[in-house]
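Please look at the sequence and the 3D structure together before reading on.

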Amino acid sequence: MKRIVSIQDLSCIGKCSLGVALPVLSAMGLECAALPTALLSAHTAFDGFVCRDMQEFFRPVAAHWRALGVRFDAVSTGYLGDPALVELVQAFISDFASPQTPVIVDPVMADHGRLYAGLSPDLPEKMKSLCRHADILTPNITEACLLTGLAYRETHDEAFVRSALEKLLQLGAQTAIVTGVHMRADRIGVAAMDDSGEMSLYETAYLPGVFYGTGDLFASVCAGALTLGLPAKDAAALAADYIYDTLRVTAADPDRRWYGVSFEATLPALIARLGRALGKEEPQ
Ligand code: PXL
């Protein structure tokens, strides 16, 4: 069984970050090690959340894992919370990832044109240096703008998306996948580019609303699929379909939570789709 490490916060309530990476990656058939960057009572959209930075914990954990000889088949990073963590994560990648190990960087910082509550305005600049280590970089549109200097827009055209992808690759990422691309009123999509310079776009129907945690879900599915050997474009399409299924079920859920989506309900469909993408027989 392949082993991936997920480096991001644990929001104790909120269905985001490690709270979705662990169940999703486990369901995909991967062993998922967790390295929490921060511990929050609830994610930062909740009023009055309390947060404990876990930086002091980071080095001793890495040292213990090194002493144990633990190896990872992939490294995935998300919400870091503090610019100082970027350097720790870079050192971790240098220690634990060989040139063949996929490194998936989700530069979690912002959405809908704004940084998440409590984050330092220095974080985007610092995050750029982490992008250099990324085999796959998965910003949403807001994060892509913060990383590239493009002005934030709610709707997009091909030239804008192409320019964002090219600038993200200039930061040193091997493949960039931008989520939340909104080129047509009734569609939402993900756009990807690698060093071939070719842009691909995968769209699903647009469901209006604010849905927390979907970027983390997208990145988790992408990371899992890449670790299992799917090409980046197929991993992005698998993740986009899962998000669409999940939003449809969430929107129809009378018991839905405002702070997160009903991702648990759609895991079986994700696993069936993953099996097909990997060319595996479905269980009878
Ligand atoms: O879903 C992104 C995310 C991750 N971690 C924390 C957050 C958010 C978004 O609000 O607050 C702590």
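The points below describe a predicted model, beginning with the ligand and then turning to the strands and a helix.

**The ligand and its surroundings**

- The residues around the ligand are Asp 9, Ser 11, Cys 16, Ser 17, Leu 40, His 43, Thr 44, Tyr 79, Val 108, Tyr 116 and Asp 216.
- Sorted by class, this shell consists of five nonpolar residues, four polar residues and two charged residues.
- A nitrogen atom of the ligand lies 2.9 Å from a polar atom in the side chain of Asp 9.
- Thr 44 has a side-chain N or O atom at 2.5 Å from an oxygen atom of the ligand, and for Asp 216 a side-chain N or O atom is 2.8 Å from an oxygen atom of the ligand.
- Taken alone, the ligand would expose 310 Å², and the protein buries 96% of that area.

**The sheet and a helix across it**

- Strands of a sheet are held in pairs through backbone hydrogen bonds, and the pairing is either parallel or antiparallel.
- In this model nine strands form an open sheet with mixed pairing, and their order is 3-2-1-4-5-8-9-10-11.
- At the edges are strand 3 (51-53) and strand 11 (199-205), each of which pairs on one side only.
- Strand 1 (residues 3-11) pairs with strand 2 (residues 31-40) in the parallel sense, over eight bridges, and Val 5 has Ala 33 in strand 2 as its bridge partner.
- Helix 2 (residues 55-68) lies across strand 1, strand 2 and strand 3, and the helix runs at about 160° to strand 2.

Notes
Residues numbered from 1 in each chain as written. Predicted model: local features only at pLDDT ≥ 70, side-chain atom pairs only at ≥ 80, totals over all residues. Heavy atoms only, no water. Near = heavy atom within 4 Å. Polar contact = N/O pair within 3.5 Å; in protein donor to acceptor, adjacent residues only side chain to side chain. Areas by Shrake-Rupley, 256 points an atom, 1.4 Å probe, with all protein chains shown as cover. Nonpolar A, V, L, I, M, F, W, Y, C, P; charged D, E, K, R; others polar. Pairing = 2+ DSSP bridges. Helix = DSSP H or I, 4+ residues; strand = E, 2+ residues; numbered from the N terminus. Contact = heavy atoms within 4.5 Å. Axes fitted to C-alpha atoms, helices over the stretch in contact; angles between N-to-C directions.
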